[in-house]
Amino acid sequence: MCLQGDESMSSSIDEMYQAILDNRLPAAWREYSTNGAQPLAHWVESLASRINFMQYWIDLSVEGTVSQQLYGVQYSELLFSQEEISFQDIVKMSSAYQKTVPPGLERLPRSFWLSALFFPRGLLTAVLQTYSRKHGIPIDSLSFRHTVSSLPSQKEEDDKVLAGNSGLTPAMWAYPGPDVPEEGILVHGLYLDGGRWDGSNVVEALPGKQVISLPEIHFLPQPVSDRHKSGAYECPIYRTGERCGTLDQSGHSDNYVTAINLPSEQSAQHWVTRGLAIICQSDD
């Protein structure tokens, strides 16, 4: 109405209008955003993917498991047969929903897209609480053991490119793939900033590739006493590449999520100097 002249334009509305024209996130939206450094077009696309992730989760809770006859359907069988991917295709590609799984798991994503959550620490705390109640172990005596998946094969890379070209978004990648783990959760959609994963260790980044995507990571709860730190770098995870925020009640920055142990042949000080960290969302 302001643009039509029916209402006067305040300074805040004018700032919002100019930000939209400049492809920037308006300041009034930043309070409800997880990454204000992204261009507005990318931010809107990311927001739509986050909403889709939640909607697929809701739909799967209603859909339940699919029939046994769909077990073993491969990405390529669906991708080569049509140009676009529907929600039903996602269900068919998800082996987590193609056969009987332990009670309570059939209504969860096979892998969790951590970037879709506004407060990802809440999910990790819930995983520890579930494990604590199941095994009768005090939650304050638990931590996570982290296992980063090996690098995908060339066929898996080709299938993923084909899937992306057909409309498979990061939100949808939460569902296709192998079975869910019996304990803990799988997490995908994270980025390594300042290094790269070679399949077994974190190594130096390649020239011109400061930020790269990480394979799936298995977060497995275990007693703190069993946590093995030697030969690993305790890599912090941040929600955004800005790596800064305000202190919350836990004494951590609200941009900080947790830290995971990445195997490395280099010393921890080496990676601290490099500024190595994991981020949930890239600024590109």
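I took buried to mean under 20% relative accessible area, exposed to mean over 50%, and partly exposed to mean in between, with a 1.4 Å probe and protein chains only. The model is predicted, so I noted that local features need pLDDT of at least 70, that side-chain atom pairs count only at pLDDT 80 or more, and that totals for chains, interfaces and linings use all residues. Residues are numbered from 1 along each chain as its sequence is written, and side-chain values use heavy atoms, with hydrogens and water left out.

Entry 1, F219. I found F219 buried, with a relative accessible area of 0%. I listed its contacts (heavy atoms within 4.5 Å), leaving out residues up to four places away in sequence: F219 touches L124, F144, R145, H146, G184, I185, V187, I237, T258 and I260.

I used nonpolar core for a set of buried Ala, Val, Leu, Ile, Met, Phe, Trp, Tyr and Cys residues joined through side-chain atoms within 4.5 Å. The largest has 33 residues, and F219 and I237 are among those with the most contacts inside it. Helices (H or I, at least four residues) and strands (E, at least two) are DSSP runs, numbered from the N terminus. The elements giving two or more residues to this core include β2 (142–148), β8 (217–223) and β9 (232–238). The most comes from α6, with 5 residues. Apart from this core I noted another, of 5 residues, among them Y238, Y256, A277 and I279.

Entry 3, aromatic pairs. Rings of Phe, Tyr and Trp (its six-membered ring) pair if their centres lie within 6.5 Å; planes under 30 degrees apart are stacked, over 60 edge-to-face, and the rest tilted. I found 3 such pairs in the structure. F144 and F219 have ring centres 5.4 Å apart and planes at 80 degrees, so this pair is edge-to-face. F144 in strand β2 and F219 in strand β8 are 75 residues apart. F144 is buried at 8% relative accessible area. Y238 and Y256 are also edge-to-face, because their centres lie 6.1 Å apart and their planes stand at 70 degrees.

I counted 5 of the 7 residues of β9 as buried. Strands pair if DSSP finds at least two bridges between them. β9 runs antiparallel to β10, joined by 7 bridges, and I237 has T258 as its bridge partner in β10. With β11 (residues 277–279), β9 pairs in the parallel sense over 2 bridges.
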